[in-house]
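Please read the following report with the sequence and the structure at hand.

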4 protein chains.
Amino acid sequence: VFRERVPAAIHIANAFGKLVGATQVRELGELETPILLTCTLCVWKAADGLVEWMLTQQGMDDVRSINPVVGETNDGGLNDIRARPINASHVKQAMEAASTGAVEEGSVGAGAGTIAFGWKGGIGTSSRKLPQNYGGYTVGVLVQSNFGGNLTIAGAPVGRELGRVAYREQNGDGSIMIVVATDAPITSRNLERLGARAIVGLARTGSSMSNGSGDFVIAFSTVRGKTDELTNDQMSPLFQAVAEATEEAIYNSLLKARTVKGARGTAEALPIDKVKEILRKYNAAR
Amino acid sequence: VFRERVPAAIHIANAFGKLVGATQVRELGELETPILLTCTLCVWKAADGLVEWMLTQQGMDDVRSINPVVGETNDGGLNDIRARPINASHVKQAMEAASTGAVEEGSVGAGAGTIAFGWKGGIGTSSRKLPQNYGGYTVGVLVQSNFGGNLTIAGAPVGRELGRVAYREQNGDGSIMIVVATDAPITSRNLERLGARAIVGLARTGSSMSNGSGDFVIAFSTVRGKTDELTNDQMSPLFQAVAEATEEAIYNSLLKARTVKGARGTAEALPIDKVKEILRKYNAAR
Amino acid sequence: VFRERVPAAIHIANAFGKLVGATQVRELGELETPILLTCTLCVWKAADGLVEWMLTQQGMDDVRSINPVVGETNDGGLNDIRARPINASHVKQAMEAASTGAVEEGSVGAGAGTIAFGWKGGIGTSSRKLPQNYGGYTVGVLVQSNFGGNLTIAGAPVGRELGRVAYREQNGDGSIMIVVATDAPITSRNLERLGARAIVGLARTGSSMSNGSGDFVIAFSTVRGKTDELTNDQMSPLFQAVAEATEEAIYNSLLKARTVKGARGTAEALPIDKVKEILRKYNAAR
Amino acid sequence: VFRERVPAAIHIANAFGKLVGATQVRELGELETPILLTCTLCVWKAADGLVEWMLTQQGMDDVRSINPVVGETNDGGLNDIRARPINASHVKQAMEAASTGAVEEGSVGAGAGTIAFGWKGGIGTSSRKLPQNYGGYTVGVLVQSNFGGNLTIAGAPVGRELGRVAYREQNGDGSIMIVVATDAPITSRNLERLGARAIVGLARTGSSMSNGSGDFVIAFSTVRGKTDELTNDQMSPLFQAVAEATEEAIYNSLLKARTVKGARGTAEALPIDKVKEILRKYNAAR
């Protein structure tokens, strides 16, 4: 990863957040480490652990500068975040267990303690594949959901109907990390623009990006090197794709989460049967 | 206006657009002229006309630098935009006719030739007033709508139901100018953040900010001088207010517009009866 | 030019200025018109004139969006800038007379009425060619100098020795436009970084970028399309080249200027013999 | 510090660097922790240590979000940076030993292992106080110097004369952290502009901000709350002050440093007698 860097960008919608590594990615337009997601007060230990692990990898003997990228949301509503429990061995374990294939969703990993719209949030994913006449590219989105607002699913006012509209007014207690990956040949400038459209999806779920919500998008392309970059004109279908995939990934982060009881409180899973009913009421079950 | 400048910021969601004056507003955090809205290829004549008018005003004899702010959307679908019909006398007339009070909406002014979601767009306004416990501040929004997407009203898929989903794929043919005014005591940094939340409202109407859509927000406060600025913590209710007001202003820009036949084509008004029906079908007439 | 766009970026060091077209260049990373330089209050007429001229060119019949790039400095110290004398015919004439080859320097064109460090400024150029082992690329710089400070040439305190240290304290009366061209294959992100290093050269001449100084760099590459872009690692020699060339171009803008008497005052040419003496005194005539 | 936040901004001249906390400072315009400076690969441990220390302070029991600001330069030329030797106890010790008064300069603290212009760099400070008619404000600058270039002191080509022009071509081996403090009543936007002028001072010392040089400025004001902010017009003298103080602070970081032998190499102190001679040769000993 360090030697074969991929084009990347970070779109910052609201920078109440501790995203480690953001500035260098913006300057150099590339990722030189895997991306970790963790809890707010764990980012520095996780970053240090990632650097420690990378320094020990083959061919890294002479490396004396690494820019780890570690995102976070604040799970202090459920967990004892002040304990900062993540250490280097967790990072090592995560790195060595990393694999391709489907990503587990819901109350897992960095999403284990998050709360979104007043319900248990977590990790969610989704993707869109463009038609061949638009290049056939894929856009994949992974979110770590932990923010407030008025939950809206496919246009239906689910939060209002459930009587739970959870605007966050305390600082720093709500955020979302959005990771966007694509196989479209685009570099940092258009990746940043792509990241901006992930926020379109976020907006549609009912977030109004409160002051304390760290809303970050890390976007990267898997295409390196000589391939011709897409022109600006070719970006619009990708923009629409990332908006849709982000909206859906957020829904999935809620729908796959289960009720979690933490050291500091409990977050209930979204009641799926009631949600279905609401979607029917609003004719939204498309 | 030139002497008694108001705090201002410009949030740029997508800078395919010719917004004159943007960079200086961002640097200095203030407006020194009224804001004009016009057609894409008319901005420079309008800016020059505004400067000409201002230079002749009382007390301006020694002024040799003015930063006019002129926004635009592209009405080339209806009008012969290449003719660039705006001249200094139109600007003078507009300036001298300017008054306080309700703003005319729909197919007027810079909105006379615009098209949004495939229907006649135009000028729309809306506002929100915060409860007293949040300071009682007002946020007003004016939009000039001229962009594509899948029209969604209060969550109902109006565009899809009407069979008119109008993604714009040609460059430069879709944009929105959003002007946000507030009496909350905030300066440029938080005005820029406020502007960013107007885009939340835009997203909810069905735009995915295509490549050629110039999506700009000009935000200003009417409060100058010594008053204490709001803290970051106090911004969230304003963020929600501007998102809601922008969404509603866009709807109003469509609902108040009438069918317009231009030199190059016709744009139909949104069929309000059918829209009402769709809103009922989706239980969205809240 | 409109169809065969070159990669471009605009670095803004201080945006007290009216540079037309800046935001779209930053978003799309490309130039779609020639660059014009003119006086502050002339930019809008010049921009409109450039659009008018371009619309009449072959193959432009269907174009309904153009983003002219027009920079400015304020020559209101010498000229009656409030008259805004530039019109479409001047632009047409300039466009049709444009040619390749050496650029005239000193008190010409947009530099006819400018003042730098209290002396007659104007247009200056310089360039650097990298050694072949760094790729052999050329960086060319053109400046329009019109700012204040303590003139320093090759380290020698020329302003102080001449008893003319001209800090500008009135707003908007000092600026520099810097245009950087290179044949290195780089796109917008690294062009922006290249532009940032032009400011290094500016700083060395004695500017401290006062509040009212619009300090802008427009950087473009002549290389379009499929060629491999330079890596970040390969940029440092270009960074040094642009810093040196900008410093030298500013000196040339002064050294080539002659005394000019305008409607509102006179600007003396830098007294070259005395400057030579000062350079000798400081052993700076390297 | 956490409760009584000061207005702050971060100016990023070149973001090859790991400055922790940058994005949140930019968004919220304030500092909520002391600023630490350390080595590149130590930033995350230092940030975590700072958070650990702050969480234990009085009145911090309910805090679950802190944004530590930790800057770095790469001392891997002298030290075994891969060992990342900083831990929480070092941070605690530093925090508890912090005092007001003169700052030690040269090869100390985060400057113990740095190299600038091929010579031993380190910590340097300087300040300027404006005349009373400009408000009488003070600007103080502290630098951690660790970058390459052609050392120029007060215009004299010291590097060239000493035969040591140290352009850095390896990535990530050169950087400067600049901390600017002022008692002028300015908030984030003008603090960011102030930070930009620190780079003017950096440029004059001979840096051309190579690709791998992380050039960051953290600027803050000690004035909180109701005081009237300075207008843009009042900033120019502060801009000049910060440029001069930064230039001088960099010289001091070299002149106060002594030869240091580290695990991986030795950095010689700048030979002050020879420097004096060179300054005389160039008549620069003003």
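## Interfaces and sheets

In this predicted model, 32 residues of chain A are in contact with 32 residues of chain B. The size of an interface is often given as the accessible area lost when the parts come together. For chain A and chain B that buried area is about 2700 Å², and 41% of it lies on carbon and sulfur atoms.

Which elements of chain A supply at least two residues each to the side that touches chain B? They are strand 1 (6–15), helix 5 (188–204) and helix 6 (236–255) of chain A, and helix 5 of chain A gives the most, with six residues. Sorted by class, this side of chain A has 12 nonpolar, 12 polar and eight charged residues.

Three residues, Trp44(D), Arg64(D) and Arg82(D), supply 25% of the area that chain D buries against chain A, which is more than any other three residues supply. Across the interface of chain D and chain A the rule finds four salt bridges, and in a salt bridge between side chains Asp48(D) meets Arg84(A) at 2.9 Å, N to O. The polar contacts between chain D and chain A come to 22 residue pairs, with both residues at pLDDT 80 or more.

| Interface | Buried area | Share on carbon and sulfur atoms |
|---|---|---|
| Chain A and chain B | about 2700 Å² | 41% |

Turning to the inside of chain A, six strands form an open sheet with mixed pairing, in the order 2-1-10-9-8-7. Strand 2 (30–31) and strand 7 (123–129) of chain A each have a single partner strand, so one side of each is left without a neighbour in the sheet. Strand 7 of chain A pairs with strand 8 (residues 138–146) of chain A in the antiparallel sense over seven bridges, and Thr125(A) stands opposite Leu142(A) in strand 8 of chain A. Helix 6 of chain A lies across strand 7, strand 8 and strand 9 (174–182) of chain A, and runs at about 150° to strand 7 of chain A.

In chain B, an open sheet of six strands, with mixed pairing, has the order 2-1-10-9-8-7. Its edge strands are strand 2 (30–31) and strand 7 (123–129) of chain B, each of which pairs on one side only. Strand 8 (residues 138–146) and strand 9 (residues 174–182) of chain B pair in the antiparallel sense over eight bridges, and Leu142(B) stands opposite Val179(B) in strand 9 of chain B.

How values were computed: Residues numbered from 1 in each chain as written. Chains lettered and ligands numbered in written order. Predicted model: local features only at pLDDT ≥ 70, side-chain atom pairs only at ≥ 80, totals over all residues. Heavy atoms only, no water. Contact = heavy atoms within 4.5 Å. Buried area = accessible area lost by both parts, 1.4 Å probe. Helix = DSSP H or I, 4+ residues; strand = E, 2+ residues; numbered from the N terminus. Nonpolar A, V, L, I, M, F, W, Y, C, P; charged D, E, K, R; others polar. Polar contact = N/O pair within 3.5 Å; in protein donor to acceptor, adjacent residues only side chain to side chain. Pairing = 2+ DSSP bridges. Axes fitted to C-alpha atoms, helices over the stretch in contact; angles between N-to-C directions.
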